[in-house]
Every structure is written in C-alpha cells, then in structure tokens.
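Open the model in your viewer and keep the selection tool at hand. The stops below go one by one, each with something to select.

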Amino acid sequence: MKFEDMQVWKCSARLASDIFLLTKEVTHRGFRDQITRSALSIPCNIAEGAERNSPKELVQFLGIAKGSCGEQRTQLYIGIETGMIDRNQAKKHVETTKEVSAMLYSLIQSIRNKIKKM
C-alpha cells in the first residue's frame, strides 16, 4: 500500500500544513517548534511505516503516529489556554486529531487481525 493513497496520511499531512500556517505568527519559538514537530511526526511516521517491509513494523509506526496525535492535541489545548493560537481554528484541529487517531486505531486493528490470520 502506498502511503500517498492512504486517507489517514492525506488527512494528517493536511493537518501538519494547517498547523504550520496557524503557528507562523507565534512568537514563542519553543512552543512553535514543538507543535510543528508533533504535527509533522504524524504523517511522517505513517509514511515511514508504509515504506517498511513488514506489517509488524507498519503497526509500530502507526502506533507512534497515534501517540503524536495525542501530543498534538495536548499542544493545541495548551495553545488555546495560553492564547498563543486562535481558539476556533485550534478546536477544529483538535477534532481533526481525534479523527486521525480513530483512523489510525482502526487501521492498526485491521493490520493486527491480518497478522493473526497469517
């Protein structure tokens, strides 16, 4: 499966782009760097896992991407509370991280079930 064809990769790559745009005016460099790194981590880990030669490795990298969704969501909440990022835009991205996380969970479960049948 090519990662470019995966809906979860497309959605997470769009999220990463949106986070870059959302935070380009943030003056706190540490926060901006961390929130953009976690956003990038999601599609990058999906892609890296898809490029591996093993379903088990794919599951491992999808799990890392799912963890990065939680990290991203936490950073969005903090950005809202501190006023560093726009509340309405951030809430939209919080929902996107929940959707991506759910897609990753379903994909992980599906691959694990296929592995068990092998």
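Buried means under 20% relative accessible area, exposed means over 50%, and partly exposed lies in between (1.4 Å probe, protein chains only). This is a predicted model, in which local features need pLDDT of at least 70 and side-chain atom pairs count only at pLDDT 80 or more, while totals for chains, interfaces and linings use all residues. Residues are numbered from 1 along each chain as its sequence is written, and side-chain values use heavy atoms, with hydrogens and water left out.

**Stop 1: Thr 96.** Select Thr 96, which is found in helix α4; helices (H or I, at least four residues) and strands (E, at least two) are DSSP runs, numbered from the N terminus. Thr 96 has a relative accessible area of 16%, so it is buried. Leaving out residues up to four places away in sequence, Thr 96 touches Cys 11 and Leu 15, where contact means heavy atoms within 4.5 Å.

**Stop 2: the core.** A nonpolar core is a set of buried Ala, Val, Leu, Ile, Met, Phe, Trp, Tyr and Cys residues joined through side-chain atoms within 4.5 Å. The largest one here has 31 residues, and Ile 46, Leu 62, Leu 76, Ile 85 and Leu 104 have the most contacts inside it. At least two residues of this core come from each of α1 (7-23), α2 (29-51), α3 (55-82) and α4 (87-117). Now select Ile 46: not counting residues up to four places away in sequence, its contacts include Met 6, Trp 9, Leu 62 and Leu 104.

**Stop 3: helix pairs.** Axes are lines fitted to C-alpha atoms, for helices over the stretch in contact, and angles run from 0 to 180 degrees between N-to-C directions. The axes of α3 and α4 come within 9 Å and cross at roughly 165°. These two helices are therefore roughly antiparallel; the label applies to angles over 145 degrees. For α2 and α3, the axes come within 8 Å and cross at roughly 160°, so this pair is roughly antiparallel too.

**Stop 4: Met 84.** Select Met 84 in the loop between α3 and α4. Is Met 84 buried or partly exposed? Its relative accessibility is 29%, so Met 84 counts as partly exposed. Which residues is Met 84 in contact with, leaving aside neighbours within four places in sequence? They are Val 26, His 28, Phe 31 and Gly 79. The C-alpha atoms of Met 84 and His 28 are separated by 8.2 Å, although the residues are 56 apart along the chain.

Terms used: Angles under 35 degrees count as roughly parallel, over 145 as roughly antiparallel, 65 to 115 as roughly perpendicular and the rest as oblique.
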